[in-house]
Amino acid sequence: MFKVIAFMLIGGILGYLFRKREPGYISKAIMILICLLLLLLGIEVGKNPEIIEGIATIGVEALIITLAAVAGSAIMSLLLWKYIKSRKK
Amino acid sequence: MRTSIIIVSFFIVGIVLGLTDIIPDELFNNNISFYVLCALMFCVGISIGSDSKTLKSFKRISPVYYLLPLFTIIGTLGGCVLISFMLPERTIAEIMAVGSGFGYYSLSSIFITEYKGAELGTIALLSNIIREVMALLFAPFFVKYFGKLALISVGGATTMDTTLPVILKFSGKEFLVVSLFSGFILDLSVPFLVTFFCTI
């Protein structure tokens with residue numbers, strides 16, 4: 001599965017080498033590919049009766065994980081912010 | 001915001017199509033989404049590599065701010081580890097994979113679907129959409145109670161684009177470069193961290 005990351009790195013090198021050309025079409029291509037992949041994910045979800053039946057539980061799980069992740073990052077950023085402010089004094 | 005609505009509506013249209021049985025099952029046997037994902041990552045690579053304007057602006061940033069994305073990663077993953085005890089049916093690594101999206105819901109949900117299936121992929125999609133929406137809706141709350149960096153931390157991988165306007169408004173314009181830098185690093189880290197937590 002690390003193939004996917006290899007594709008990103010190859011793209012990054014090519015992008016850097018040809019950076020003088022304006023790649024306006026690239027952001028359009030990214031948007032189209034993202035939409036296509038989410039359409040495919042949606043189809044897969046729709047075809048899976050277990051996920052459809054459990055969508056309420058899945059939503060609650062997603063919310064719980066997000067609240068924990070957001071709280072953790074807010075607390076860590078507060079520590080860094082206090083450190084930066086104390087250095088300025 | 002418009003972009004998010006477009007992306008989510010594609011997901012919803014997909015669910016409806018899946019429910020109606022119009023699409024044959026064979027479509028998924030040959031791993032079509034994996035090839036589309038490779039094409040997507042190739043394009044993401046090109047857009048990062050050719051973005052010299054953003055790369056140059058990072059030179060003007062005070063060194064201590066370079067730590068912010070690292071603090072965000074530690075805080076997010078720490079929160080995920082703690083909450084995993086409340087969700088015993090998932091492994092710690094799965095919850096950390098969901099958290100490693102940092103609000104980049106399109107990419108992280110696609111990756112997690114590839115590695116762990118559509119159920120965890122959908123959790124990742126919802127969770128990371130909620131993260132972005134929280135940053136947008138509760139921006140003043142985070143700035144007031146957790147300091148001016150909190151909004152950039154909560155915004156995660158989205159602070160280069162969708163949540164940038166609210167950061168400039170509520171944290172201040174002087175945080176433009178910090179916000180771009182943090183978003184850039186977290187954006188880059190999403191495929192690596194998600195792959196890591198899905199494969200351990």
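**View 1. B:Phe102 sits in the loop that links helix H5 (92-99) to helix H6 (105-116) of chain B.** Helices here are DSSP runs of H or I with at least four residues, strands are runs of E with at least two, and both are numbered from the N terminus. This is a predicted model, in which local features need pLDDT of at least 70, side-chain atom pairs count only at pLDDT 80 or more, and totals for chains, interfaces and linings use all residues. Residues are numbered from 1 along each chain as its sequence is written, while chains are lettered from A and ligands numbered from 1 in the order in which they are written. Most residues other than glycine have a negative phi. B:Phe102, though not a glycine, has a positive phi, near 50 degrees.

**View 2. Chain B holds eleven helices and zero strands.** Its C-alpha trace spans about 55 × 40 × 30 Å along the principal axes. The radius of gyration of chain B, taken over C-alpha atoms, is 18 Å, which agrees with the value near 16 Å for a compact globule of 200 residues (the rule is 2.2 Å times the number of residues to the power 0.38). Of the 200 residues in chain B, 52% are buried.

**View 3. Helix H4 (residues 55-88) of chain A packs against helix H7 (residues 118-137) of chain B.** Their axes, lines fitted to C-alpha atoms over the stretch in contact, are 8 Å apart at an angle of about 50 degrees, on a scale from 0 to 180 degrees between N-to-C directions. Residues making the contact (C-beta atoms, placed from the backbone, within 7 Å) include A:Ile58, A:Leu63 and A:Val70 of H4(A), and B:Ile123, B:Leu126 and B:Met134 of H7(B).

**View 4. At the meeting of the two chains, 61 residues of chain A are in contact with 76 residues of chain B.** Helix H1 (3-17), helix H2 (24-47) and H4 of chain A each supply at least two residues of the side that touches chain B. H4(A) gives the most to that side, with 22 residues.

Technical notes: Buried ≥ 20, exposed ≤ 12 C-beta atoms within 10 Å, placed from the backbone.
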